[in-house]
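Subject: Structure handover

Hi,

Here is the structure I promised to pass on. Please load it first, then read my notes below.

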Protein chains: 2
Amino acid sequence: MSVIPTSHTDLLERPLFAHLGTVRPDGRPQVNPMWFSWDGEHLFFTNTKTRHKYRNVTAHPVVAVSINDPKNPYRYLEVRGTVERIDDDSSGAFFLTLAERYGMQFDGPPPDAEHRVVYVVRPTSVSHQ
Amino acid sequence: MSVIPTSHTDLLERPLFAHLGTVRPDGRPQVNPMWFSWDGEHLFFTNTKTRHKYRNVTAHPVVAVSINDPKNPYRYLEVRGTVERIDDDSSGAFFLTLAERYGMQFDGPPPDAEHRVVYVVRPTSVSHQ
């Protein structure tokens with residue numbers, strides 16, 4: 001059973017940009033547009049250990065994303081969730097899968113592959129319109 | 001002097017949607033698409049005292065917004081800032097000004113005008129691409 005309403009799953013299935021909210025160590029929020037994917041149970045994000053976001057989600061493993069429909073920006077889904085795992089992606093394999101979802105082709109792993117990780121997020125609650 | 005880079009001020013001047021990140025009383029983030037306006041010094045948002053966001057910004061008067069360019073979604077501006085004031089808007093006057101910016105016409109104040117407030121946010125730092 002997912003907390004995602006079936007009326008809005010298309011916003012997770014389409015390669016849209018998710019505005020990912022994290023909380024900085026000092027308690028202030030941060031929001032950045034991110035690629036993501038969704039397998040019906042978890043949301044997945046690629047990032048590197050060198051970014052502020054990595055510091056944020058290791059300090060506070062809770063996130064929220066806001067995604068609106070480019071064709072109708074008043075239609076949106078907010079998903080709040082917990083970072084269940086941070087998986088290693090030093091092969092760049094997940095990055096390349098995600099890049100392909102967004103129409104990007106690479107000849108090999110990205111130059112920063114050694115620092116790549118995957119945030120695996122379990123949705124806990126939503127809001128939508 | 002503003003912290004907003006001149007290369008990205010158009011993203012604040014255009015009636016785009018800002019994905020507003022706030023922090024809930026329990027420390028978890030929340031992100032929602034919002035109308036906003038910008039006067040060169042502050043960002044302004046309309047909300048009501050009945051919403052979760054009001055509870056959030058009164059508990060933690062710090063926010064972040066992510067705005068990307070619909071014509072080029074990889075071009076974005078994140079603004080982090082402090083809620084300097086929460087002004088009364090029980091006349092609905094600010095709401096109506098903001099609605100007009102987004103191409104909406106109303107015959108009078110919105111039905112929830114009595115609960116309307118304005119978040120006045122001073123940018124403190126940015127990230128952009």
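This is a predicted model: local features need pLDDT of at least 70, side-chain atom pairs count only at pLDDT 80 or more; totals for chains, interfaces and linings use all residues.

Start with how the chains are arranged.

Next, the interface. Of the interface residues of chain B, 100% are also interface residues in chain A, so the copies meet through the same surface.

Now helix α2 of chain B, residues 52-59. Its buried residues are Lys53(B), Asn56(B) and Val57(B). Seen down the axis of α2(B), these buried residues fall within an arc of 90°, so they line one face of the helix. What do they pack against? The partners are strands of chain B: β1 (18-23), β2 (29-34), β4 (43-48), β5 (62-69), β6 (72-88) and β7 (116-128).

Last, a loop in chain A. Pro111(A) sits between α3 (93-101) and β7 (116-128). Is Pro111(A) buried or exposed? Its relative accessible area is 85%, and Pro111(A) counts as exposed because the cut-off is over 50%. How far apart are Pro111(A) and Pro123(A) in space? They are 12 residues apart in sequence, and 31 Å separate them in space, C-alpha to C-alpha.

Best wishes

How values were computed: Residues are numbered from 1 along each chain as its sequence is written. Chains are lettered from A and ligands numbered from 1 in the order in which they are written. Side-chain values use heavy atoms; hydrogens and water are left out. Contact means heavy atoms within 4.5 Å. Helices (H or I, at least four residues) and strands (E, at least two) are DSSP runs, numbered from the N terminus. Buried means under 20% relative accessible area, exposed over 50%, partly exposed in between (1.4 Å probe, protein chains only). The arc is that of the directions from the helix axis to the C-beta atoms.
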